[in-house]
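This report considers side-chain contacts and ring pairs. Please view the sequence and the structure together while reading.

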Amino acid sequence: MNELQQELRAQLEKYCKASIEPHMEHDDHAENFRMEIFNELGSLGFTGITTAEDYGGMGLGYQDLCVALGEIAKYSVSYAVTISVSSMVQAILNEFGNEDQKQKYLPALASGEEIGAFALSESHSGSDAAGLKTTAKKVEGGYVLNGTKMWITSGGVAKTYIVMARTGEEGPKGISAFIVRDGMDGFSYGKKEKKMGWKVSPTRELVFENCFVPAENLLKAEGMGFTVAMAALDKGRITIGSVAVGLSDRALAESVKYSLERKQFNQEIFNFQGLQFMMADMACEVESSRYLVKEAARLYDEGIPNQKLACMAKMKATDTAMKVTTDAVQIFGGVGYTSEYPVERFMRDAKVLQIVEGTNQIQKVVIARCLKKEFSN
Ligand SMILES: Cc1cc2nc3c(=O)[nH]c(=O)nc-3n(C[C@H](O)[C@H](O)[C@H](O)COP(=O)(O)OP(=O)(O)OC[C@H]3O[C@@H](n4cnc5c(N)ncnc54)[C@H](O)[C@@H]3O)c2cc1C
């Protein structure tokens, strides 16, 4: 970690300990998202880390964003993913938006005044995202959207949505990306999902019923939507990986601390080699994940993004988070299964990391595709 990253991490540690951690048990139970926490993280600069300073961001890289997300995830995976997705929306606007769109939407997102959301999935098209059915019919002055998006992170609390809808033929080439704002006529929210984890992060259905979106809200050009979505997910894989590393770090730390305090058979449970080996394995897996995520982020920052490595980083880090948080509950024993300690929440929060931004099976599909390409040339 360089000096700047150490500074960002220390600042976040102080903020999260004082302002996020005290609410987590209650808010997880009540499924309560606090906009003021997001706004405060914004005032500290953490909601627009990779957005250029000209648009109100910090103008830093993905390695820096990963350090920040990892630190927030130690306290709350929910706020970390809110920032991860909102940063992804900014990256989309930055890469595919025109100057007017950037000036209009980026500053509020970068400053943390508003949240951004990414709407690709539908009930019948999750992994097979190119099969989406939401339509955008061209009319005078714009497009009319009809359809439903499922499982949208920050649905209902976000103001700017990047929505993928079909303007043309079946398959990826017929998809376009639109900027849709909260409050537009014909745009409403469906049910809020009841989830196993990520309880502080609202996940909602988005409903479009003859929703008119002006032509100026089309991103880049008709037919570019799938390219926009896939480019965003290439970065999302890295940031979700960093969230997983932060969560694993915390689960390991809690495990070691607890095992040094808890006594059975007249000694600290840490003394049992069975648990030492478990924690040694946990530490090894967490470090391997960290280096993979870091390397994927470094290559991205240096302008030589490596899709295969980004998929490996996402898969390895999120599988590790699942394993490490499950082992943490085991090390805590019975009390680990209760909400007296946070490790049961860590385990619930880990699971969906293996599902979002492309399931880990889909990461393997992409890794295999990259291998085939490499060895066919
Ligand atoms: C809490 C939460 C937040 C989310 N946030 C967002 C969001 O902000 N925006 C958004 O657009 N979406 C979001 N999603 C949706 C998420 O991206 C999808 O759930 C995910 O892509 C998987 O799609 P699916 O649920 O339809 O599962 P399916 O695609 O039906 O997959 C079911 C199973 O089949 C496997 N499978 C599918 N295809 C293959 C294959 N080719 N090879 C091997 N195995 C395969 C999958 O790995 C999985 O195990 C969110 C989901 C959740 C739960």
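The side chains of Tyr-55 and Glu-99 are joined by a polar contact of 2.8 Å (a pair of N or O atoms within 3.5 Å, of which, within protein, one must be able to donate a hydrogen and the other to accept it; residues adjacent in sequence count only if both atoms are side-chain atoms). The model is predicted: local features need pLDDT of at least 70, side-chain atom pairs count only at pLDDT 80 or more, and totals for chains, interfaces and linings use all residues. Residues are numbered from 1 along each chain as its sequence is written, and side-chain values use heavy atoms, with hydrogens and water left out.

Tyr-55 lies in the loop between helix H2 (35-43) and helix H3 (62-75); helices are DSSP runs of H or I with at least four residues, strands are runs of E with at least two, and both are numbered from the N terminus. Leaving aside residues up to four places away in sequence, Tyr-55 touches Glu-99, Lys-102, Gln-103, Leu-106, Pro-107 and Ala-110, where contact means heavy atoms within 4.5 Å.

The structure also holds 11 aromatic pairs. Rings of Phe, Tyr and Trp (its six-membered ring) pair if their centres lie within 6.5 Å; planes under 30 degrees apart count as stacked, over 60 as edge-to-face and the rest as tilted. The rings of Tyr-161 and Tyr-189 are tilted, because their planes stand at 45 degrees, with centres 6.1 Å apart. This pair links strand S4 (residues 160-166) with strand S6 (residues 187-192).

The table lists relative accessible area (buried under 20%, exposed over 50%, partly exposed in between; 1.4 Å probe, protein chains only).

| Residue | Relative accessible area | Class |
|---|---|---|
| Tyr-55 | 12% | buried |
| Tyr-161 | 0% | buried |
| Tyr-189 | 27% | partly exposed |
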